Amino acid sequence: MLKKATTEMLVLFMLRQRPNYIYQLTQEIERLTDKQLKFNTLYLAVYRLEANGHIYISEKRAEGSHLRVYYAITPQGEEYYQSLKATFDDELRAKGENNV
């Protein structure tokens, strides 16, 4: 459950910055965490977030021989992100750790 919520929170956090496609999200998360967090795939989290109305396909763009599907966050996704973040912060406080 924690990994699922953390993955979803990271995806939503990244999409709050700008629309993006899955491979780029993976690369950016690995870069920001100095490769401490690696995800073989974010597809399940992205599809789950899309199915629940938290993100949507904002654009499909052909780049060379690749079709890139860009996702963006919805207002419901912003609310869900804030809920996940509050829960995460509460759990950290309960354990006596600093907020992230």
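A salt bridge is counted here when a side-chain nitrogen of Lys or Arg lies within 4 Å of a carboxyl oxygen of Asp or Glu. By that criterion, a search of the whole structure finds eight salt bridges. The structure is a predicted model, in which local features need pLDDT of at least 70, side-chain atom pairs count only at pLDDT 80 or more, and totals for chains, interfaces and linings use all residues. Residues are numbered from 1 along each chain as its sequence is written, and side-chain values use heavy atoms, with hydrogens and water left out.

**View 1. Salt bridge between Arg48 and Glu8.**
The side chains of Arg48 and Glu8 meet at 2.5 Å, N to O. Helices (H or I, at least four residues) and strands (E, at least two) are DSSP runs, numbered from the N terminus. Glu8 is buried, at a relative accessible area of 2%, whereas Arg48 is partly exposed at 27%. Buried stands for under 20% relative accessible area, exposed for over 50%, and partly exposed for values in between (1.4 Å probe, protein chains only).

With neighbours within four places in sequence left aside, Thr7 is in contact with Phe39, Leu42 and Ala45; contact means heavy atoms within 4.5 Å.

**View 2. Salt bridge between Arg16 and Glu78.**
The N to O distance between these two side chains is 2.9 Å. The pair links distant parts of the chain, with Arg16 in helix H1 and Glu78 in helix H4 (residues 75–94), 62 residues apart. Arg16 is partly exposed, with a relative accessibility of 36%. Glu78 is also partly exposed, at 25%.

**View 3. Salt bridge between Asp90 and Arg93 within helix H4.**
The closest N and O atoms of Asp90 and Arg93 are 2.5 Å apart. The two residues are three residues apart in helix H4, so about one helical turn separates them. Asp90 is partly exposed at 44% relative accessible area, and Arg93 is partly exposed at 47%. Elsewhere, salt bridges that share partners join Glu59, Arg61, Glu63 and Arg68 into one network.

**View 4. Buried and exposed sides of helix H3.**
Ala45, Val46 and Leu49 are the buried residues of H3. They cover an arc of only 100° around the axis, so they are on the same side of H3; the arc is that of the directions from the helix axis to the C-beta atoms. Leu44 and Ala51 are exposed on the other side of H3. Gly53, which follows H3, has a positive phi, near 80°.

**View 5. Aromatic pair of Tyr21 and Tyr70.**
A search of the whole structure finds three aromatic pairs. The ring centres of Tyr21 and Tyr70 are 5.2 Å apart and the planes stand at 70°, so this pair is edge-to-face. Tyr21 lies in the loop between H1 and helix H2 (22–32) and Tyr70 in strand S2 (residues 66–73), so the pair ties together parts that are 49 residues apart in sequence. Rings of Phe, Tyr and Trp (its six-membered ring) pair if their centres lie within 6.5 Å; planes under 30 degrees apart count as stacked, over 60 as edge-to-face and the rest as tilted. Tyr21 is buried, with a relative accessible area of 13%, and Tyr70 is buried at 8%. The charged end of Arg61 sits over the ring of Tyr70, 4.3 Å from its centre. A charge sits over a ring if NZ of Lys or CZ of Arg is within 6 Å of the ring centre and within 35 degrees of the ring normal.

**View 6. Aromatic pair of Tyr43 and Tyr47 in helix H3.**
The ring centres of Tyr43 and Tyr47 are 6.0 Å apart and the planes are at 50°, so the pair is tilted. Both residues lie in helix H3, four residues apart, about one turn of the helix. Tyr43 is partly exposed at 41% relative accessible area, and Tyr47 is partly exposed at 44%.
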